[in-house]
Every structure is written in C-alpha cells, then in structure tokens.
Amino acid sequence: GVLMFSRLPEFLDPWRAADQAARYQGEVALNSLSRLAELLSDTGGSASYRLEFLRDGHGRAVLRGSVRATLWVVCQRCLEPMEVPVAGNWSQVAVNGLDKASRLPEQYDPLLVEGRLVRPWELIEEELLLLLPQIPVHAAGRCSAPPEGGSGNNELRDSGEGSTRNGPFAELARLKKSSPR
C-alpha cells in the first residue's frame, strides 16, 4: 500500500509517512527556496525531487531523498554566469534526540525532528545547498577570464602577444623550447 503524492505538504510527520510508505515526487521552484536563491545568479527554473518514507528492518523511520536541478551561479574567475547541473541522493532516519542520532549506523544521517514535524522543503533545500560548489569556476576553455589567472588587469589581456611573453609562464615556455626533446 504505497501512497504516491505529487503535492508536498508544508509540514510532515516522518513517522506517520514511514508507516504509510508515502512517496512524494515533483518539482519545486528554485525561487521559493530563499536560502538557496540568495546564492544563485538566476533563480528561474526548478528542482525535481523524490522523497520516499519507509520503515527499515529495525523499525526506524527512514527518508530516502533524491534531487536534481540546474543551478545558475557566477564563475569566480570571470564573473560570468555559468550553469551547474547537480544531482544528489541521501538517506536520513527521523530521530527526536541527539542521543539516538549518535547510535545510527554509518549509511544514515540523522534527521533531527523537533516535536513531530519536519518541513520537507527545507530537506530538499539543504541537499541542494550541499551540492552547490563552494567556489564555482568554469571548466577549462569555457571561461572568459585570461588563462594566466590575470588579476582583472585589462591592459594585460588586451596587449595580445606581449602578455604571454612577459607573463609568469614566459620563462617556462623558453625552458621548454630549449630542452632537447
């Protein structure tokens, strides 16, 4: 008797949801996740999520979650927007005390519940915050910043040829050229 829901409630009792083997799946607008939205350069789009609640063999209330999204952030090198596709899965066990949390097996993270209710949106947002790169930078070749990590000094960038000759790698290039290989 699995209950499939498409609407995620504002508050949820994880123990009751586990008894019902409830599953939720759908989309959440990124701009409704305020802590995440603050870190994004563009809050358009949404994250797709899936939350499954179940009881494990020891009667624990387990949440299995997964989330995927494309997040827009600012490259810390060239300061242009870049997209970061993220996807994550996690497993948590509902506990209502730190003592219980410390006794959980390795594969579970504690889901600390105050009273009886959790806010499922917050759990999804937490995971997205963990998946967001701390210092986002474009992949090599995608970045519009100069390759020698110029300190945003435009004279260097616009002088074409000259910049590489006197750059920090000029000496290295000379050494490479003169090596017998």
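1. Buried is used here for residues under 20% relative accessible area, exposed for those over 50%, and partly exposed for those in between, with a 1.4 Å probe and protein chains only. The model is predicted, and local features need pLDDT of at least 70, side-chain atom pairs count only at pLDDT 80 or more, and totals for chains, interfaces and linings use all residues. Residues are numbered from 1 along each chain as its sequence is written, and side-chain values use heavy atoms, with hydrogens and water left out.

2. Cys75 is buried, at a relative accessible area of 0%, and Cys143 is also buried, at 18%. The structure holds 0 disulfides, a disulfide being a pair of cysteine sulfur atoms within 2.5 Å. The closest cysteine sulfur to that of Cys75 belongs to Cys143 and lies 3.7 Å away, which is too far for a bond. For the sulfur of Cys143, the closest cysteine sulfur is that of Cys78, again at 3.7 Å and too far for a bond.

3. A nonpolar core means a set of buried Ala, Val, Leu, Ile, Met, Phe, Trp, Tyr and Cys residues joined through side-chain atoms within 4.5 Å. The largest such core has 39 residues, and Leu36, Leu51 and Leu128 have the most contacts inside it. Strand 4 gives the most to this core, with 6 residues.

4. Leaving aside neighbours within four places in sequence, Leu36 is in contact (heavy atoms within 4.5 Å) with Leu30, Leu71, Glu125, Leu128, Leu129 and Leu132. A second, separate core has 7 residues, among them Leu54, Val93, Val95 and Ala101.

Notes
Helices (H or I, at least four residues) and strands (E, at least two) are DSSP runs, numbered from the N terminus.
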